[in-house]
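Please open the structure in your viewer and keep the selection panel at hand. The tour goes from stop to stop, saying at each one what to select and what is there.

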Amino acid sequence: MKFGVMKPHRRRKLFLILFLLVVSGSSVGLTLMALRENINLFYSPAEIVSGTAPVNKLIRAGGMVLEDSIFRSENNLEVRFIVTDMQDSEFTIFYNGILPDLFREGQGVVARGSLNEDGVFLAEEVLAKHDENYMPPEVADVINQAHAEPSK
Amino acid sequence: MWSLFHKLGSPRPFYEISDRLLPILGCLTVIFLSVGTIWALGFAPPDYQQGESVRIMYVHVPSAIVAQSSYMIMAIAGAVFLIWRIKIADIALQCAAPIGASLTLLALATGAIWGKPTWGAWWVWDARLTSTLILFFLFIGVIVLRSAKEGSEAVGRATATLAVVGLVNLPVIKFSVDWWFTLHQSSSFSLTEKPSMPVEMWLPLVVMVAGFYLFFFYVWIFSVRTEILKREYRSQWVRFIHDV
C-alpha cells in the first residue's frame, strides 16, 4: 500500500481527496476567523471596560465573580456583583432573578443583558460557567482547610 | 498483514471472520458497560460543586467521544471507497452513520440535562454545542443521502464525498473550547497534563469510554454483516450459509 505501488489513478484520487479536504478546511477556517467576534459566546471584562462591547444592545458578558463582591437585596431578588478577568478589568452586574446553583464567588459566569452608559451591565439572565475541575467534596474540604490555615 | 486487509475487504471472508469476533465483542461490551455503569452511578464520588449530577458525565463524555470517532471511521471508510472502490467500505460508511447520529443525539441530550441544573440553561449557542449539533446534522445528511438509492455506487460516491468534507467539523468541535469563549468547559484531559479529575472519577469514565467503543464496534460490525447479506443474497455462499 506504499505510494509507489499505488496505481496512478488511485493515487490521483487520493490527492484529489486530500486537496478537497485542504480546500474545504481552509475555507471553513477563513470563515470562522472572519466570524470570530460573533462566535465568541460572550464579551470578556477587558472588552466591556475598554468599550469594545456595544452599549444598550443585547449582548452576553462573562468573567469570574470577584470574591466578597456579591450584594443581595433584603426584600427582593435583586443582586449586584462584580465580574473580573483576574487581571485589572472588572465591571458590575445588576440582576433581578434566580441565580443558578453553581453561582458563587470565584466561579465563572456568563450574563445576558445590556451594558448601560455608566458601564454597568443589566442582566436578564445569569448562567454559571463550570470549569474543567472535578473533585469529591471531601477533597474540596481538605483544600479549603489548607487555604484557611495560613490566614489564621 | 496486508492479506488480512485484503480479506476483510471482500464480503465473504469479512462475514466469516466477524462471525467468530462478534460474540467476544458482545461479551466485552456487556461486561464493560455494566461494570462502568454500576461503578459510575453507585461508587464514584459526587462532585464538590455539581453534586450527584456529575454522574451524567459518565454517559455524556463517552457518547460524545465515540460519536466523533465514529464520524472519523465513517469518513475514512468514505475515502477508502472513493479511492479503491471497495464495496464493503461503502457498507461500512452506511452502517456507521445511524450509530454515530444516535450517539451524538445522546451526547446533546445528556448535555442539556446536565446544563439545566449546572449552568441554568438547557441550550446555549456557543461554539462547542453548535458544532456538535452540526455533527448531528452531518450524520443525518449522510443517512438521507445514502438512502436515496440502495446499493447504488454513484450515490455511494456522493455520500462518501459528503462524509469526507464533513471531517473539517471534527477539529472545530475539538478545539472550539480553546479557540473561542464558550460556556462549555474546556477538556479535563490532555496528553501532556494530569487530568483535572481524581483517579476515582476518571477510572470509571475510562471504563465507560471503552464500553461505548466496544458497543459501537459491536453494533457496527453486526449491521455491516446484515447489509452484506442484504446486498449479496443472490450469491452462492450466502445461500449456502442460510440454507433454510
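**Before you start.** This is a predicted model, in which local features need pLDDT of at least 70 and side-chain atom pairs count only at pLDDT 80 or more, while totals for chains, interfaces and linings use all residues. Residues are numbered from 1 along each chain as its sequence is written, chains are lettered from A and ligands numbered from 1 in the order in which they are written, and side-chain values use heavy atoms, with hydrogens and water left out.

**Stop 1: chain A.** Along the principal axes, the C-alpha atoms of chain A fill a box of roughly 80 × 45 × 30 Å. Buried residues make up 34% of the 152 residues in chain A, where buried means under 20% relative accessible area, exposed over 50%, and partly exposed in between (1.4 Å probe, protein chains only).

**Stop 2: the interface.** Now show chain B as well, and select the residues of each chain that are in contact with the other, contact meaning heavy atoms within 4.5 Å. The selection holds 39 residues of chain A and 44 residues of chain B. The area buried between the two chains, that is, the accessible area (1.4 Å probe) that two parts lose on being put together, summed over both, is about 3800 Å², and carbon and sulfur atoms give 67% of this area. The elements of chain A that give two or more residues to this side are helix 1 (8-34), helix 2 (36-39), strand 6 (121-129) and helix 4 (137-151). Helix 1 of chain A has the largest share, with ten residues.

How many salt bridges are there between chain A and chain B? The count is zero, a salt bridge being a side-chain nitrogen of Lys or Arg within 4 Å of a carboxyl oxygen of Asp or Glu.

**Stop 3: a pair within one helix.** Select B:Glu16 and B:Arg12, whose side chains meet in a salt bridge (3.1 Å, N to O). Both residues lie in helix 2 of chain B, four residues apart, about one turn of the helix.

**Stop 4: pairs between distant parts.** Next select B:Arg85 and B:Glu153, which form a salt bridge with the closest N and O atoms 3.7 Å apart. B:Arg85 is in the loop between helix 3 and helix 4 (87-118) of chain B, whereas B:Glu153 is in helix 6 (residues 153-165), 68 residues apart.

Finally, select B:Arg231 and B:Asp90, joined by a salt bridge at 3.0 Å between the closest N and O atoms. B:Arg231 lies in helix 8 (residues 199-231) of chain B and B:Asp90 in helix 4, so the pair ties together parts that are 141 residues apart in sequence. B:Arg231 counts as partly exposed at 24% relative accessibility, whereas B:Asp90 counts as buried at 3%.
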